[in-house]
Amino acid sequence: MTGTSRVEGLVLDWVRTQPEPDPRLPVSWLDDEEVAAELARIQRNRARDAAREADLILRLAELRPDVDDPPPGAPGARNRAWRRTDPEFPGVSEFFADEVAHAINLGRGTAAFRARRAHTWRESLPATFAALRRGEIDERRAGVLADALQHTTPELARAVEAALLPEMDDLSVARLRSRALELLAERDATAMDERHEEAKQAADVRCRDTGDGMATLAGDMTVDEAAACYGVIDQLATMAKADGDPRPIGQIRSAIHSMLILRPADHGLPGVTVNLAVTATLEGLEGSSTRGGEVNGSPITAARLRDLLRRIGALGLTNAEGGSLTFALTDEHGRLLATVTAAELARLARRGCPEHADAPCECPLLDLPPSTDGYEPAAAQRRFVTTRDRRCRTPNCGQRIGWADHDHVVPHAEGGRTTCTNLCCLCRSHHRLKTFGRGWSFRMEPDGTLHVTSPSGITRTTRPPGLRPPEPGPPPYDPADDPPPF
């Protein structure tokens with residue numbers, strides 16, 4: 001028998017995917033000296049891996065020249081003011097950092113940071129880079145030194161490096177950073193001023209979800225501005241505490257911080273309308289279920305719409321002042337079937353099926369918005385795609401929907417239709433990547449699942465929020481896989 005049965009093939013595939021056995025002794029067998037020695041060995045290996053990663057990033061930069069990028073002055077050319085935090089590699093494609101992010105399966109900001117660090121190690125801190133390759137300095141200290149000296153000249157960075165390298169391993173991370181900046185200021189105060197200006201130009205405000213129903217709002221500003229802002233918040237919180245506010249002082253500070261932003265009465269600023277999208281199931285709102293969104297499959301009939309309308313009325317859900325209320329109807333797998341406003345829902349439920357006005361039926365009243373002949377999506381298509389995607393759909397991008405374009409996955413100029421199954425939300429940066437980045441491929445399935453393949457052949461997949469991945473299962477059985485016995 002020369003063939004392999006289907007069962008044998010599955011077993012072989014399983015064996016190939018199992019991790020290699022760990023040759024190290026179980027941790028429970030080690031004494032304190034052996035534990036300390038292995039921890040030190042792990043740090044050395046991490047340092048060597050960080051140096052290897054940096055070398056690989058630098059090599060990828062060499063393999064991605066900017067010859068295919070839109071030249072300055074051409075349509076789609078990059079504006080250098082867009083991203084002041086990007087790595088500046090002369091002659092390297094502007095989409096290089098995106099490919100690094102795709103390869104390491106992390107965000108573009110992380111990829112750009114590692115690329116800048118690798119470039120600084122190679123060009124400005126060669127002794128540190130060599131020590132990192134040998135495992136003689138840990139990644140954290142090498143990184144702190146690169147961050148402190150990345151904006152100065154290579155000659156000045158090497159002078160600071162030479163002064164610090166003998167004692168680098170004996171300094172704490174915080175002290176190493178302080179010493180590097182002290183030495184830099186002694187040798188070139190102008191470099192410190194330039195670093196300050198560059199940091200001001202790169203300042204931003206970020207919102208990070210902490211995963212517990214809370215989020216952290218952080219903003220970059222000068223040291224004196226930050227101290228003044230905190231002083232105002234702290235004084236107001238202390239006054240509220242003295243007036244009898246029973247909450248912890250930190251919670252009061254957080255509330256005052258939010259109030260000062262949302263109620264800028266003393267600044268004469270115009271009012272701002274904030275639109276928040278809240279996705280929840282009726283069962284969850286009623287407290288009767290913890291399942292994801294569901295409309296019990298399709299079609300969405302008049303009877304189901306009337307039931308939905310009754311339940312919404314019972315819950316008292318209404319439009320917020322100056323805002324909107326949109327209902328997203330999904331199937332049992334979380335796939336978005338339709339979106340509808342409260343007014344549209346009431347009108348459809350009242351009108352019912354035009355062909356069966358007085359009789360129950362299974363005729364669908366809601367579905368995907370129809371395709372359009374033009375390039376620009378219709379309002380109903382924009383609402384559907386925005387509700388389905390909620391953020392930029394590029395893997396590891398967290399850009400919110402307010403800054404995203406509704407992009408044709410198959411370009412309109414190449415025959416792609418303006419339909420919800422060919423539209424997805426991409427932030428402006430990744431929209432440009434898809435349009436101008438050579439070798440990138442985007443493919444979307446009818447349920448909104450998006451597959452993105454980089455020029456180096458790595459494919460990452462994103463699904464719309466709420467869409468559950470397909471259930472894993474064995475491949476369909478094919479009798480031809482089992483040769484007859486001999």
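Start with a definition: contact means heavy atoms within 4.5 Å. With that, take contacts between residues at least 6 apart in sequence: 59% of them join residues at least 24 apart.

Now the ground rules. This is a predicted model: local features need pLDDT of at least 70, side-chain atom pairs count only at pLDDT 80 or more, and totals for chains, interfaces and linings use all residues. Residues are numbered from 1 along each chain as its sequence is written, and side-chain values use heavy atoms, with hydrogens and water left out.

The overall picture. The protein has 16 helices and nine strands. Those are DSSP runs numbered from the N terminus: H or I with at least four residues for helices, E with at least two for strands. Of 486 residues, 31% are buried. Buried means under 20% relative accessible area, exposed over 50%, partly exposed in between, with a 1.4 Å probe and protein chains only. The accessible surface is about 30,200 Å², and carbon and sulfur atoms hold 54% of that. Areas come from the Shrake-Rupley method with a 1.4 Å probe; for residues, only the protein chains shown count as cover.

Next, the cores. A nonpolar core is a set of buried Ala, Val, Leu, Ile, Met, Phe, Trp, Tyr and Cys residues joined through side-chain atoms within 4.5 Å. The largest one has 37 residues. Phe96, Trp121, Leu132, Leu149 and Leu164 have the most contacts inside it. Seven helices matter here: α2 (32-63), α3 (96-104), α4 (108-124), α5 (126-133), α6 (139-149), α7 (154-164) and α8 (173-187) each supply at least two core residues. The top contributor is α2, with eight.

Look at Leu149. Setting aside neighbours within four places in sequence, Leu149 touches Leu125, Ala157, Val160, Ala180 and Leu184. There is also a second, separate core of 13 residues, including Phe95, Leu426, Trp440 and Met444.

Now cysteines. Cys424 is buried, at 0% relative accessibility. Cys420 is buried too, at 1%.

Last, a strand pair. Five bridges join β1 to β2 (residues 215-219), and the two run antiparallel. Pairing requires at least two DSSP bridges. Within that pair, Cys207 stands opposite Leu217.
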